[in-house]
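This briefing goes through selected strands, helices and chain contacts of the model shown below. The points are grouped by topic.

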Amino acid sequence: MFGHFLDRFRAIVLSVLLISCFALPAFAGTFEDAVGKFANDEFSDTEEAIEAVASSGNPLAFPIISALQEERLSADPESKKVFITQADGKIIDAATGAAVDKLPDNAASVRLNNRLRRTVEAALGSLTLLSPDPAKRVAAAQSVFKSHDENALPVVEGALAKETDKAAKEAFTEARAAIILFKSDASDNDKLEAVSVIKSRGDQEALALLTSAGPDQPPLVAQAITGAIASIQSNLAMWSAVQNAWYGLSLGSVLLLAAIGLAITFGVMGVINMAHGEMVMLGAYTTFVVQEVIRTRYPGLFDYSLLIAVPLAFLVAGGIGVLIERSIIRFLYGRPLETLLATWGLSLVLQQAVRTVFGPTNREVGNPSWMSGAFELGQITITYNRLWILCFTLAVFVILLAMLRFTTLGLEMRAVTQNRRMAASMGIATSRVDALTFGLGSGIAGIAGVALSQIDNVSPNLGQSYIIDSFMVVVFGGVGNLWGTLVGAFTLGIANKFLEPVAGAVLGKIAILVLIILFIQKRPRGLFALKGRAVEA
Amino acid sequence: MLAQLTHDIATLSRRGWLAAAAGLVLGLASSPFSPAKAADDTIKVGVLHSLSGTMAISETTLKDTILFLIDEQNKKGGVLGKKLEAVVVDPASNWPLFAEKARELITKDKVAVVFGCWTSVSRKSVLPVFKELNNILFYPVQYEGEESERNVFYTGAAPNQQAIPAVDYLMKDEKVKRWVLAGTDYVYPRTTNKILEAYLKSKGVKQEDIMINYTPFGHSDWQTIVADIKKFGSAGKKTAVVSTINGDANVPFYKELGNQGIKATDIPVVAFSVGEEELAGIDTKPLVGHLAAWNYFESIKTPANEKFIKEWQAYTKNPKRVTNDPMEAHYIGFNMWVKAVEKVKSTDPDKVIDALPGIEAPNLTGGVSKMLPNHHITKPVFIGEIKGNGQFDVVWKTPGLVAGDAWSKELDGSKDLIGDWVGKKCGNWNTKTNKCGGQGS
């Protein structure tokens with residue numbers, strides 16, 4: 001009896017072995033065929049290939065599909081061979097995994113369109129659901145949440161049972177809910193539970209999912225979905241006010257950064273400097289040059305490029321500022337109109353000079369990794385570049401304030417602007433202080449250029465778009481008062497962002513201008529007018 | 001301060017004006033200015049593109065293109081046995097200055113033809129000059145249509161050669177049901193969006209599924225609008241953005257899209273003003289899959305295109321210099337003009353204008369474009385997706401060449417109008433009333 005069983009067992013093991021021996025080459029053949037379809041350069045064939053490769057269970061499936069997503073998969077249309085260029089530059093044959101010396105000459109990267117990219121994302125999602133890295137599991141669960149592919153349900157449930165990481169567990173629960181909501185044969189109770197899971201997620205993607213799941217659901221579920229949509233919408237409406245406030249702060253910080261240098265040259269010195277925007281532009285181009293040098297010589301330093309650019313931009317723009325003061329502006333003190341025209345001419349000269357040297361087209365200034373992307377805070381998205389610019393602006397403001405308050409140069413600057421003759425009698429070299437003050441204002445504009453290069457075009461016209469806004473901020477805040485500039489910038493930023501959703505970007509901007517004109521009629525000296533003898537000077 | 005300023009204007013001294021004038025001269029002296037040398041054995045070709053100011057970013061390349069084409073033609077022995085000579089002027093992105101410079105080119109330099117303009121405003125500004133002095137303008141940029149003039153030849157795309165096919169593609173291949181029409185606030189986006197809105201509604205798209213948004217020139221703070229697009233796209237229907245955002249505003253727009261994590265697989269953006277040149281200023285990795293509709297892409301592999309790119313990069317001595325759609329339009333327009341001149345053996349504008357309709361010239365994408373009686377040309381339409389290297393990958397194209405409509409069939413005011421400078425000798429012939437002079441915008 002027992003021996004008989006053993007015999008049978010042996011037979012089974014043998015047959016399994018035999019089958020797998022024969023089946024393996026056959027299976028490898030289909031995998032090779034599937035991979036070969038990538039070489040046909042037809043979107044429909046590529047789609048079939050993705051699906052076949054993703055469901056093959058072959059260890060090469062993940063490298064192939066992630067290479068496809070990152071444009072690293074190339075194919076030779078003649079030999080139908082497909083190659084993966086690995087992240088380290090080595091090349092392997094996608095069908096066999098064997099190393100290859102170099103790509104054939106006529107190999108071209110496999111093309112994708114948006115429909116295929118979605119297929120790739122879904123395939124990668126199901127392939128990485130069991131990845132050892134929790135962050136990757138969360139991302140995979142998210143893409144399953146979006147695609148709500150029924151076939152992924154067993155894997156998701158299996159992963160959910162084993163999951164220990166809190167964030168991943170939550171993501172898997174949501175992904176499972178999304179699948180169940182769209183599964184036609186799920187029971188009403190399961191669906192209701194799914195709706196409440198998605199409702200508690202409460203963001204725009206949950207809203208999109210619920211809205212598209214709305215039609216052809218059982219009445220009870222449909223009712224729950226309508227309720228969930230309404231509750232998410234009212235929640236999002238509340239968050240949108242917070243979001244507007246954040247956008248306003250962010251816009252205000254850009255305005256402040258652009259205007260803060262002008263608050264020195266125009267506000268403190270009284271020079272109408274139309275070339276202020278060009279100092280900002282020079283700062284942005286300094287960043288470009290720094291990044292170019294780093295890209296060609298020291299690629300490892302790229303993330304520090306902005307830190308290196310800040311002092312350099314200050315020196316370049318500040319140096320040119322001193323030069324302008326010494327060669328042009330010092331002959332025009334007390335003659336605002338001539339200063340205005342001379343600096344305006346100068347701004348055109350600087351623009352054209354940059355256009356001749358760097359060309360008229362935009363230059364690419366990259367975002368370091370710590371300035372790219374965004375994070376979610378509650379239901380609003382905060383982008384890192386805006387957040388860093390806000391912090392940077394406030395830091396510049398504080399340093400400048402401290403400089404004016406606590407250093408000898410700051411003391412001399414205040415003395416000269418308050419009473420030039422008295423300051424001169426006290427032994428202050430007023431013309432030297434003038435040059436340094438103008439240089440300081442220009443240098444700060446240069447620093448602003450470093451930050452603005454992260455969110456705007458680096459082109460010769462960069463400065464022009466900020467000059468009007470900068471004057472607006474300084475005049476509105478009160479000439480000669482740094483705190484006024486701060487409050488003015490943030491007021492204008494927030495007012496603009498609350499007007500924009502209501503009136504649109506064009507009308508919003510007009511409304512702000514009209515409001516400022518009316519305000520200046522009422523208070524010609526701006527928000528924070530200087531009092532005392534300084535006003536008369 | 002302000003009171004002080006007004007006081008100063010009132011009592012401006014002579015010396016003040018001198019200083020002011022010095023400032024102005026300082027500013028203007030910087031613009032490159034090439035005085036034309038008179039030589040009788042050459043044919044003069046006017047180049048009217050901004051080399052300074054806001055539009056220099058796009059137009060400088062077109063000036064170089066014409067100089068390159070003239071150079072190539074002269075190597076082949078010129079036209080009618082004479083060498084071509086370029087007369088370059090700089091209208092400095094200043095619309096009234098376009099008209100002045102056009103007049104200068106025609107009356108002072110006596111050019112036989114002018115290649116120029118980018119914005120519709122600049123074209124409208126020079127129109128009266130070309131009519132009055134009877135000369136020829138080749139206009140190489142995609143525009144809003146609704147125009148057909150005897151003295152102007154439109155080698156860029158009309159809306160039915162760019163916008164409508166792009167929307168068709170999104171509707172069929174991407175199954176888009178909800179539309180954001182975002183544009184810069186001026187005539188081209190406003191007219192194009194009017195046409196698109198009428199077209200979408202004729203295809204059964206409801207008003208609540210269309211969002212129209214305009215922004216000022218050079219808009220740089222896109223946070224609110226991108227967030228609005230995200231919100232609009234979360235209604236459970238496939239959403240796409242049709243962008244007629246112009247020039248410099250594109251870079252911050254795309255940066256914000258990338259940073260807020262809007263991917264092409266979720267909400268694709270199809271742009272009508274973003275080409276290889278504009279992408280040169282951005283890191284395109286976060287933008288992979290967003291679309292553009294043009295009649296030419298640098299990445300299209302044809303022998304003619306490869307030769308053109310090679311010679312262009314050799315001419316500009318820059319192996320990285322990109323090519324783009326308006327450059328191809330100048331390439332076609334220039335060759336058409338040369339053929340027309342050789343056909344009538346004269347550069348007399350009247351003869352050349354009459355000879356141009358029906359002239360055929362190869363384009364760079366493997367087809368042959370033809371000048372139509374309405375002074376527009378036939379072109380293929382391509383939809384390209386942005387790749388990680390800043391180039392476009394063509395994912396769709398029209399089966400044949402599309403004839404440009406001067407007057408849109410979608411708008412009530414213009415659907416009965418046609419331009420016909422061969423039979424009817426009229427730019428706005430009304431096919432209902434059979435009279436010349438219908439209404440147009």
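The buried residues of α9(B) are covered by elements of both chains, including β6 (374-377), β7 (380-383) and α14 (384-406) of chain A and α8, β9 (269-271) and α10 (276-279) of chain B. The model is predicted: local features need pLDDT of at least 70, side-chain atom pairs count only at pLDDT 80 or more, and totals for chains, interfaces and linings use all residues. Residues are numbered from 1 along each chain as its sequence is written, while chains are lettered from A and ligands numbered from 1 in the order in which they are written.

Terms used below:

- Helices (H or I, at least four residues) and strands (E, at least two) are DSSP runs, numbered from the N terminus.
- A residue is buried if 20 or more other C-beta atoms lie within 10 Å of its own, exposed if 12 or fewer, and partly exposed in between, with C-beta atoms placed from the backbone.
- Residues are in contact if their C-beta atoms, placed from the backbone, lie within 7 Å.

More on α9(B):

- In α9(B), 10 of its 10 residues are buried, so the helix is mostly covered.
- The buried residues of α9(B) include Phe253(B), Tyr254(B) and Leu257(B), and also Lys255(B) and Glu256(B).

**Contact between chains A and B**

- Chain B gives 60 residues to the contact and chain A gives 58 residues.
- On the side of chain B that touches chain A, the elements giving two or more residues are α1 (2-10), α2 (14-28), α3 (56-75), β7, α8 (223-232), α9 (250-259) and β15 of chain B.
- The largest share of that side, seven residues, comes from α2(B).
- By class, the side of chain B that touches chain A has 23 nonpolar, 24 polar and 13 charged residues; Ala, Val, Leu, Ile, Met, Phe, Trp, Tyr, Cys and Pro count as nonpolar, Asp, Glu, Lys and Arg as charged, and the others, Gly among them, as polar.

**Seven-stranded sheet of chain B**

- Seven strands form an open sheet with mixed pairing, in the order β7-β6-β8-β9-β10-β14-β15 (chain B); strands pair if DSSP finds at least two bridges between them.
- The edges are β7 (210-215) and β15 (392-397) of chain B, each with a single partner strand, so one side of each has no neighbour in the sheet.
- Neighbouring strands of this sheet are turned by 25 degrees against each other on average, direction ignored; axes are lines fitted to C-alpha atoms, for helices over the stretch in contact, and angles run from 0 to 180 degrees between N-to-C directions.
- Strand β6 (residues 178-184) of chain B runs parallel to β7(B), joined by six bridges.
- Thr215(B) in β7(B) stands opposite Thr184(B).

- Helix α4 (residues 95-108) of chain B has 14 residues and spans 20 Å from first to last C-alpha, close to the expected 20 Å, where the expected span is 1.5 Å times one less than the number of residues.
- Its buried residues are Phe98(B), Lys101(B), Ala102(B), Leu105(B) and Ile106(B).
- These residues lie on the same side of α4(B) because they cover an arc of only 130 degrees around the axis, the arc being that of the directions from the helix axis to the C-beta atoms.
- The face of α4(B) turned away from the buried side carries the exposed residues Pro96(B), Thr107(B) and Lys108(B).
- Elements covering the buried residues of α4(B) include β1 (42-48), β2 (83-89), β3 (113-116) and α5 (120-133) of chain B.
- Asp90(B) is in the loop between β2 and α4 of chain B, and is buried, with 23 other C-beta atoms within 10 Å.
- Asp90(B) and Val47(B) are 43 residues apart in sequence and 8.6 Å apart in space, C-alpha to C-alpha.

**Hairpins of chain B**

- Strands β17 (residues 417-420) and β18 (residues 426-430) of chain B pair in the antiparallel sense over three bridges.
- Their hairpin has five residues between the strands, and Lys425(B) in the turn has a positive phi of about 55 degrees.
- Strand β19 (residues 435-436) of chain B runs antiparallel to β18(B), joined by two bridges.
- Asn430(B) is the bridge partner of Leu417(B) and also of Lys435(B) in β19(B).

Methods. Two residues are in contact if their C-beta atoms, placed from the backbone, lie within 7 Å.
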